[in-house]
Amino acid sequence: MKAAVLHQYDTKLSSPEYVTLEDVPEPKIQNPTDVIVRIGGAGVCRTDLHIVEGIWREKVDVKLPYVMGHENAGWIEDVGKGVTEYKRGDPVICHPLITNCLALASRRGHDMHAEGSEFPGISTNGGYAELLRTGVGSLIKLPQTLAPKDVAPHADAGLTAYHVGKKAARDLSPGERVAVIGVGGLGHIGIQVLAALCSADIIAVDRSEAALALAKECGARHLVKADEHQVEAVLELTDGKGAEAVIDFVGEGNSIDNGLAMTRNNGAYYIVGYGGEIRISAIDMITTERRIIGNLVGTYSELVELMELANRGRVNLATQYYKLSDANTALHDLHHGKVRVRAVLMP
Ligand code: ZN
């Protein structure tokens, strides 16, 4: 089968070709609960650029060459002996982890922290290919209304935005404010999730006018241009005190300092984007009682909930499609800011 293979890291992302399109052996069923999915769409994610940069090298045990792609949806191609619930041709989206469903963390609903899990596209071969091996426990059957290529990025980008949006919504009352920093591939989903799950006023913060226009369509009430005066602008919208919740989808540059400065006392700063560093003195933490909350993808049941919202038209994905053979173009477009929303590779 054809796959876009990562052969070497490129810490500066300066090479014209990050991955190589080549013929590789098809994945095989290894365990009775394995399934092979024929990829309909594989989302291209900033995490893939971070993988190319080598940022994940020390975090996961993976040997090059391998195939990236952790946002996968498609159709069942083959199933292991222990799989009775799916048949060839069923449309599915794949939770990004092959979870060890027997792990205590899984049973408690903390899928991302279950021991013994594999992460196709990060720790094993992923979906920048025609076929993907995953586990039956990762699959969610898609309704006929949702095509795999249209929902693939929900497997990680959408799920992450849903996970953080649901956490924030639980603590937000009508009349309170939530600031969303960065209205890109995740941010535009996060705003729709917040609009669906709570009645807090959403303040969207972004450098780009086009992104702010998208934020408005998605349900933001206030639009703030990130022009170095965004902290003042958010304070002005929140009685000088800051928002009860701030969700930072950027997480690098001055976004973290600005995000913390927008968070009111006793409020919560949710960090999703990464690359930067959070620095805060202990005295600032105790006097303001702000909470800083990390967010890692989401659970299987949250992906089920997100598919419900997608099926009802409450959360829509803005996508940009590329052929699998154009994986390098998609990655470069993402790196150079030419992908405003979510890029999807189609074999
Ligand atoms: Zn991703």
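The legends below describe close-up views of a predicted model. Residues are numbered from 1 along each chain as its sequence is written, and side-chain values use heavy atoms, without hydrogens or water. In this predicted model, local features need pLDDT of at least 70 and side-chain atom pairs count only at pLDDT 80 or more, while totals for chains, interfaces and linings use all residues.

**View 1. Four side chains hold the zinc ion.**
C45 (SG), H70 (NE2), E71 (OE) and D156 (OD) coordinate the zinc ion at 1.8 to 2.3 Å. Donors are N, O and S atoms within 2.8 Å of the metal (3.2 Å for Na, K and Ca); water is not among the atoms, so sites may look incomplete. The site is tetrahedral, with angles of 98 to 127° among its four donor atoms. Along the chain, the donors follow the spacing C-x24-H-E-x84-D. Both H70 and E71 are buried. Buried means under 20% relative accessible area, exposed over 50%, and partly exposed in between (1.4 Å probe, protein chains only).

**View 2. Strand β5 pairs with β3 and with β6.**
Strands here are DSSP runs (E, at least two residues), helices are runs of H or I with at least four, and both are numbered from the N terminus. Two strands pair if DSSP finds at least two bridges between them. β3 (residues 34-44) and β5 (residues 71-79) are antiparallel and share eight bridges. The zinc donor E71 stands in β5, opposite G43. Three bridges join β5 to β6 (residues 91-94), again antiparallel. W75 has P91 of β6 as its bridge partner.

**View 3. Three strands form an open sheet.**
The order is β2-β1-β4, with antiparallel pairing. β2 (19-23) and β4 are the edge strands, and each pairs on one side only. Five bridges join β1 (residues 2-6) to β2. V5 has T20 in β2 as its bridge partner. P65 lies in the loop between α1 (46-53) and β4. The peptide bond from L64 to P65 is cis, with omega near -5°.

**View 4. The second largest pocket holds about 290 Å³ of space.**
A pocket is an open set of points on a 1 Å grid over the protein atoms alone, with protein on both sides within 12 Å along at least five of seven lines; lining residues have an atom within 4 Å of a point. Grid points are joined across faces, edges and corners, and a volume is the space filled by probe spheres set on the points. The lining has 19 residues, and M1, P25, P27, V67 and N125 lie nearest the centre of the pocket. β4 (66-67) and β7 (131-135) are the elements that give two or more residues to this lining. β7 gives the most, with three. By class, twelve lining residues are nonpolar, four polar and three charged. Ala, Val, Leu, Ile, Met, Phe, Trp, Tyr, Cys and Pro count as nonpolar, Asp, Glu, Lys and Arg as charged, and the others, Gly among them, as polar.

**View 5. Two cavities of 30 Å³ or more turn up in the whole structure.**
A cavity is a set of grid points where a 1.4 Å probe fits but cannot get out. The largest cavity holds about 40 Å³. H70, N72, C94, H95, P96, P120, L132 and T134 line this space. H70 is also a zinc donor.

**View 6. Strand β9 is covered on both faces.**
Five of the five residues of β9 (residues 177-181) are buried, so the strand is largely enclosed by the rest of the structure. R177, A179 and I181 lie on one side, with V178 and V180 on the other. β9 runs parallel to β10 (residues 201-206), joined by five bridges. V180 has A204 as its bridge partner in β10.

**View 7. Two residues other than glycine have positive phi: D239 and V297.**
D239 has phi of about 55° and sits in the loop between α7 and β12 (243-248). D239 is exposed, with a relative accessible area of 57%. V297 has phi near 45° and sits in the loop between β14 (291-294) and α10 (300-311). V297 is buried, at 7%.

Technical notes
Tetrahedral: all angles 85-135°; square planar, octahedral: opposite > 155°, others 65-115°.
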